[in-house]
There are 2 protein chains.
Amino acid sequence: METKITAGVEEYLEALFHLEEENRAVQTKALAEHLKLKPASVTEMVKRLTAQKLVTHTPYKGVYLTERGRTAAAALVRRHRLSERFLADMLDVPWDELHDEACKFEHVISDKVERKLSEALGNPATCPHGNPIPEADGTVAADTAEPLVGMSARSKGRITRITNEEPEFLQYLANLGLMPDVMVEIEEVAPFGGPIIVKARGAKYALGRQVAQHIFVKPSAS
Amino acid sequence: METKITAGVEEYLEALFHLEEENRAVQTKALAEHLKLKPASVTEMVKRLTAQKLVTHTPYKGVYLTERGRTAAAALVRRHRLSERFLADMLDVPWDELHDEACKFEHVISDKVERKLSEALGNPATCPHGNPIPEADGTVAADTAEPLVGMSARSKGRITRITNEEPEFLQYLANLGLMPDVMVEIEEVAPFGGPIIVKARGAKYALGRQVAQHIFVKPSAS
DNA sequence: TATTGTTATTAGGTATACCTAACTATACCA
DNA sequence: TGGTATAGTTAGGTATACCTAATAACAATA
Ligand SMILES: [Mn+2]
Ligand SMILES: [Mn+2]
Ligand SMILES: [Mn+2]
Ligand SMILES: [Mn+2]
């Protein structure tokens, strides 16, 4: 019952890291949904993670990574995003398949291979979806981009980051041409939770809030 | 109880494939030694493999891969050796560490990634230790090389293949400069299981039979 | 404050894949 | 042909990590 971080444990840490990135309350139930497991299973694993001092848990409040946990999670996310870069840059694996493939690679990369991989890729700062690759020491670069969903009409910017990497979602965005480095302008924000109309590459698209929430944009002077 | 080939199962298939390559009798005990497990564990797993029609087992005789088993094993060895090539060619991981790292990668490579990887590497025919990479259809190229241990004095050839990939063994050979593509000449074969004296790169080395058994040489006209 | 829907936990199972210790079967030699 | 070393199996355990069904705890509201 030592520091034995198995693939199973790693998936929980990864999920917690991602949910924290979106500052969502990470209750047992949310974790279970994210990991596609049953709440009972999560209760059990959270107990183990707590015993290993990787998380703290206050029922009905949330599960929180400890320092130790966050460090381990950052290392894992680093390996995940480096794997995505490898798969995209060296193997030309399609955009929407990167995440799931990387989710397997992340568990088999040793420290040494991680260093060599990062080097071979030119020490990239982000994954192919624009999400930051944590440094080897666990620090994550601050991000000044903001979600499309919070921007006001008429503002412009460059897409830097997509924070939902589910295949169907990425396919949808790829079809619209909404991916990192593309310039967008907010045409209109419909009231009462209505769509956000954006202009990109000369075309206009009406995006639901759910979608706009996961598209981050670096605003440019208007 | 279907075709669920887990990482555990894969390790057994891999071991069987390697032991068959050396045409060694693959008894429960040999398998246990090779996998660093206890015989009781092997008995149990062999039962499962038999149920899945991946092997047949005759006690005191040996465990044999079925067609199905051999195909699965060849696919695994293909992924293993492609992984080694990736780690060596693209990441510059040292010779003696390739095998153990690849042993983890082999279990997380999908068919699609395998294809892309092979392509990106230029469809290599062998791993960095000279061992053949099975084709995608499971066939393995015939090898005309023979082990140093069976060669007679005065014969010459080029090393093509090292069939023991344990780190200490590879370090030993690397120190002597005995690796694929190096020319060697048998100086003398000492009787009664004594050493084999070889000349390589101008130096002479006395190799034990255990060592010579794992060095394969393609004879050249003397 | 009592009700109710949500969230979480417990109890009891399953499956994989290891282990040790005790026992059995076999091969092979004398 | 019997004895013995070697090989193999069985029985009973452990640990991880899932599950369902039943139950408990809580938050928020009526
Ligand atoms: Mn993952
Ligand atoms: Mn990504
Ligand atoms: Mn392996
Ligand atoms: Mn190799």
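Donors are N, O and S atoms within 2.8 Å of the metal (3.2 Å for Na, K and Ca); water is not among the atoms, so sites may look incomplete. This is a predicted model, in which local features need pLDDT of at least 70, side-chain atom pairs count only at pLDDT 80 or more, and totals for chains, interfaces and linings use all residues. Residues are numbered from 1 along each chain as its sequence is written, chains are lettered from A and ligands numbered from 1 in the order in which they are written, and side-chain values use heavy atoms, with hydrogens and water left out.

**Exercise 1.** Find the protein donors of the manganese ion (ligand 2) and give their spacing along the chain.

*Solution.* 
Step 1. List the donors: A:Glu84 (OE), A:Cys127 (SG), A:His129 (ND1), A:Glu165 (OE) and A:Glu165 (OE).
Step 2. Read along the chain. The spacing is E-x42-C-x1-H-x35-E.
Step 3. Check burial. A:Cys127 and A:His129 are both buried (under 20% relative accessible area; exposed is over 50%, partly exposed in between; 1.4 Å probe, protein chains only).

**Exercise 2.** Which parts of chain B do B:Cys127 and B:Glu165 tie together?

*Solution.* 
Step 1. Start at the manganese ion (ligand 4). Its protein donors include B:Cys127 (SG) and B:Glu165 (OE).
Step 2. B:Cys127 sits in the loop between α6 (111–120) and β3 (146–147), and B:Glu165 in the loop between β4 (156–162) and α7 (167–176), so the pair ties together parts 38 residues apart in sequence. Helices (H or I, at least four residues) and strands (E, at least two) are DSSP runs, numbered from the N terminus.
Step 3. Check burial. Both B:Cys127 and B:Glu165 are buried.

**Exercise 3.** How are chains A and B related?

*Solution.* 
Step 1. The rotation is 180°, the shift along its axis 0.0 Å and the RMSD 0.1 Å.
Step 2. The two copies are thus related as by a two-fold rotation axis.
Step 3. Look along the axis. In chain B, the C-alpha nearest to it belongs to B:Phe105, at 3.6 Å.
Step 4. Compare the surfaces. Of the contact residues (heavy atoms within 4.5 Å) of chain B, 100% recur in chain A.

**Exercise 4.** Which residues make the contact between α1(B) and α3(B)?

*Solution.* 
Step 1. Take helix α1 (residues 7–21) and helix α3 (residues 39–51) of chain B. They pack at about 95°, with their axes 11 Å apart.
Step 2. On α1(B), the contact uses B:Gly8, B:Val9 and B:Tyr12. On α3(B), it uses B:Ser41, B:Val42, B:Met45 and B:Leu49.

Technical notes: Least-squares fit on C-alpha atoms with pLDDT ≥ 70 in both. Axes fitted to C-alpha atoms, helices over the stretch in contact; angles between N-to-C directions.
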